[in-house]
Amino acid sequence: MSTGDAATDGPRPARPRRLRRWLLWSAAAVVLLAVCATGLAYALVAASRPMIDGTIVVSGLTAPIEIERDQHGVPVLRGQQFEDVIFAQGFVHGQDRFFQMDTFRRHAAGELSAIIGPPAFEQDRKMRRYRFAAVADQVVEQLPPDHRRLLERYAAGVNAAMNELRVDPPEYLLLQAAPQPWTPRDSVLVQFAMFDLLHPNVPMKRATHTMRQTMPAELVEFLTTDVSRFDAPLVSGDGEDDGIEPPAIPGPEIVDLRNDERWRNAAAPSPADFAEPLVAGSNNWAVAGQHAGGDAAMLANDPHLPLNVPNTWYRVQMHWGMGKKLVGASIPGSPAVIAGSNGHVAWGVTNAQADFQDLIIIETDPDDPDRYLTADGSEPFGTIEETVSVNGRPDKDVTIRTTRWGPVIDHDHRDRPIALQWTALHPEMVSLDIIDLPQAGDVPEAVNVLRRWWGPAQNVALADADGRVGWIVTGFLPNRRGEDGKYPRLSTDPDAGWAGPLDESRRPIVINPDDGLIHTANQRTLPVDRARSLGRHWAEPFRARRIASLLADGDPPWTERDMLDLQLDTRSEPHDFYRDLIVELADARENEPVLDAAAEISRRWSGRATQDDPAMRLLVDFRRELHGRLIDALTVPAKDADPDFVFRWFMTEEPVRRILESRSDHMLPLPFETWDDFLTDVLATTIDGLDRAHGTVEPLWSETNRLAMSHPVSEALPAWLTRFVDMPQHHQPGARQSVRGASPTFASSFRMIVRPGREEDGVFHMPGGQSGHLLSPFYDAGHDAWRDGVATPLLAGPPKHHLTLSPPG
């Protein structure tokens, strides 16, 4: 035993030491491998950065092209011909934004699954119904030769940029996918991606259809008004709207929330049941030369869009020929600019909010489920089979049913197929004529070009160097038979479908109005009857009303700084009513601490959505809760018929306010006995929600309205890495109903102010940066100016980088 003890006391401790040493070496090896892997990943990502200095020999060029970039990465492109700078634009788009361009085209074509994998399949399945890839091919075929040539030169520029990369962009490394060459068709697909983003008619028509089938017509018209006391049309007409009022509150014989069994299930629902209100946010206006202190008119534009990294827009400046130029905001994947100036005329856009999507309720042939009924008899459904490639998984097949109007996209609450007629699905209703706008010399010439641009319909505001201003609604404007399209038609209705475009004489156009002012903000721009030939889906008019008021009552001559201040205006008029409602309620019900606290907060409201305001969050949430509770109660029959029903409409302020002003017994939701009881409950629910979400009933607006502008791939990254990929979550002034519209994911996508011929005085800034490459110095360059509302120049600054594209030899 002594020998054993000696052995135990002697050499055995060496084994744990060796084990510890091995573990240390192993840990060191793991760390080293991790460092090496990180270093290799960084090296690969770094190697994918594009070349922005020096000379690149590019086949297919006949003359050199110069590309300068300033400190923010804004490119200045110089070439001999217009098609040379279009080639260069494709080149810089490809260098800085190819993955974004790829997602645009793949979204439209229903091909995201090929790079993203299974998570994108349902989205692809939906988009395949539209068959945009096939439509885009037809659009390219019918283009005028000069337009097709420009798309070809643009695509050649994109592909030349991609060919120069040593390593694919980092998103492809992460997704283990490979980029595919760019084609002219892909630029058309990018336009279709914009159609999909900017045409919101289907959800509203699905809602109005279910309501019309299940609720009294008077109530449906009341809730879905396209007229309000707050309207600020651009064209008032000559007494055309005299006598036109919003629909009256339906009487108790039509709707009675307290005594009619159809509504007796209308108990107060959970706030989670409420759909977020539909909101638009873009603004543009133009002031004639006499208001701008000189010969040139002035244009301001700040389109609001969902915010992603990188931004939807890409700044560009072009020079060609004998002094020709173009500066403004382009969409990666598309040539030329959507908003900008050519030195003679400037243009800016807001979504027209008109109606370009009609739903047809299909009556299936009772004798054959593969056929459907029309006014002309029975017809067979068409069937198209498509295959969706899925990264890392087997391909999936998709079956599309079609009708004479378009694809079947859904079924209604009675399980009847719903077909979609949409301008974007018809190649003859689509064109790219905005590409000719850089050649326009003044407002009338620009209007003539824009008449022919059949893209996603826009309110285009115009200003020229001679002091003129103008406005036009672009796009293919459907000529509907019979009704205006607010509700779906039956397939057996002889008026189902369109009778071509509206006569061109009915296209809304204004040139040089007497007051020298143009303004649009997604509102109804025309007298009611004329507006209804375009649609009824107008945004709430508060932004338009504010802009029109400040312009009409302002003190010209105005400067670019004055226009920027208006773009940054945070006044939120509709919330005045809800502030007064809270104060009135507290005064009427004494010694209720919850009401007293809410009233004290509300009294301190500045009337603006400023960062340090403690009342704005309360008022926004109270308004939303109140709208949701009332509308939810009134639409119970629709929800009973369709569990998936969601009320969708823009203009809810007028009907809700009428209900609250009248406080009629038959409109009071159960189980409340008085309106004060109901309003107190809504307010208590709002305050409880604030306290639970923020730990206080008066959180500063800045703490609850932080930017959430993220990269599409950030969801696949570790949380610690997303802060390097997404934009900072900083405070934001502004609200959904102020000129400076701002929510965490939806805000101004750029701000531009320009006088044609005086571009050096112009202003431009946008969220995010020029480049989509994480390691680029331009990834977020300029973002802080957008955040802080700084008047940074429209034109590029002094060149910091210089790249020459040279022809061979």
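## Ground rules

Two strands pair if DSSP finds at least two bridges between them. Helices (H or I, at least four residues) and strands (E, at least two) are DSSP runs, numbered from the N terminus.

This is a predicted model, in which local features need pLDDT of at least 70 and side-chain atom pairs count only at pLDDT 80 or more, while totals for chains, interfaces and linings use all residues. Residues are numbered from 1 along each chain as its sequence is written, and side-chain values use heavy atoms, with hydrogens and water left out.

Strands of a sheet pair through backbone hydrogen bonds, either parallel or antiparallel. Here, four strands form an open sheet in the order 17-18-11-22, with mixed pairing. Strand 17 (408-411) and strand 22 (489-490) are the edges, each pairing on one side only.

Strand 11 (residues 357-361) runs antiparallel to strand 18 (residues 417-422), and five bridges join them. Across this pair, Asp358 faces Gln421 of strand 18. Strand 17 also pairs with strand 18 in the antiparallel sense, over three bridges. His411 has Pro417 of strand 18 as its bridge partner.

Strand 17 and strand 18 make a hairpin with five residues between the strands. Asp415 sits in that loop. Its phi is positive, about 65°, although Asp415 is not a glycine. Most residues other than glycine have a negative phi, and most peptide bonds are trans.

Another open sheet has three strands in the order 6-27-26, paired antiparallel. Its edge strands are strand 6 and strand 26 (742-743), each pairing on one side only. Strand 26 is joined to strand 27 (residues 746-748) by two bridges, and the two run antiparallel. Ala742 stands opposite Ala747 of strand 27.

The peptide bond between Val309 and Pro310 is cis, with omega about -5°. Pro310 lies in the loop between strand 6 (304-306) and strand 7 (314-320). Pro556 and Pro557 are also joined by a cis bond, with omega about 10°. Pro557 belongs to the loop between helix 14 (542-552) and helix 15 (560-567).

Two packed helices are described by the angle between their axes and the distance between the axes. Axes are lines fitted to C-alpha atoms, for helices over the stretch in contact; angles run from 0 to 180 degrees between N-to-C directions. Under 35 degrees counts as roughly parallel, over 145 as roughly antiparallel, 65 to 115 as roughly perpendicular, and the rest as oblique.

Helix 6 (residues 132-142) packs on helix 9 (residues 184-198) at about 120°, with the axes 9 Å apart. The two are therefore oblique to each other. Contact (heavy atoms within 4.5 Å) involves residues including Phe132, Val135 and Val139 of helix 6 and Val188, Leu189 and Phe192 of helix 9. By class, this contact has 10 nonpolar, no polar and two charged residues. Ala, Val, Leu, Ile, Met, Phe, Trp, Tyr, Cys and Pro count as nonpolar, Asp, Glu, Lys and Arg as charged, and the others, Gly among them, as polar.

Helix 3 packs on helix 9 at about 70°, with the axes 8 Å apart. That makes helix 3 roughly perpendicular to helix 9. From helix 3 come Phe104, Arg105, His107, Ala108 and Ala109; they meet Asp186, Leu189, Val190, Phe192, Ala193 and Asp196 in helix 9. The contact divides into seven nonpolar, one polar and three charged residues.

## Helix 16 against helix 20

The axes of helix 16 (residues 575-588) and helix 20 (residues 653-662) come within 12 Å and cross at roughly 25°. Helix 16 is thus roughly parallel to helix 20. The crossing is left-handed. Phe577, Tyr578 and Leu581 of helix 16 touch Glu653, Val656, Arg657, Leu660 and Glu661 of helix 20. Five of the contact residues are nonpolar, none polar and three charged.

## Salt bridges

Side chains of opposite charge can pair when their charged atoms come close. A salt bridge is a side-chain nitrogen of Lys or Arg within 4 Å of a carboxyl oxygen of Asp or Glu. The count by this rule is 67. One of them joins Asp96 to Arg69, with the closest N and O atoms 3.3 Å apart. Asp96 lies in helix 3 (residues 82-109) and Arg69 in strand 2 (residues 65-69), so the pair ties together parts that are 27 residues apart in sequence.

How values were computed:
A crossing is left-handed if the near helix is turned anticlockwise from the far one by less than a right angle, and right-handed if clockwise.
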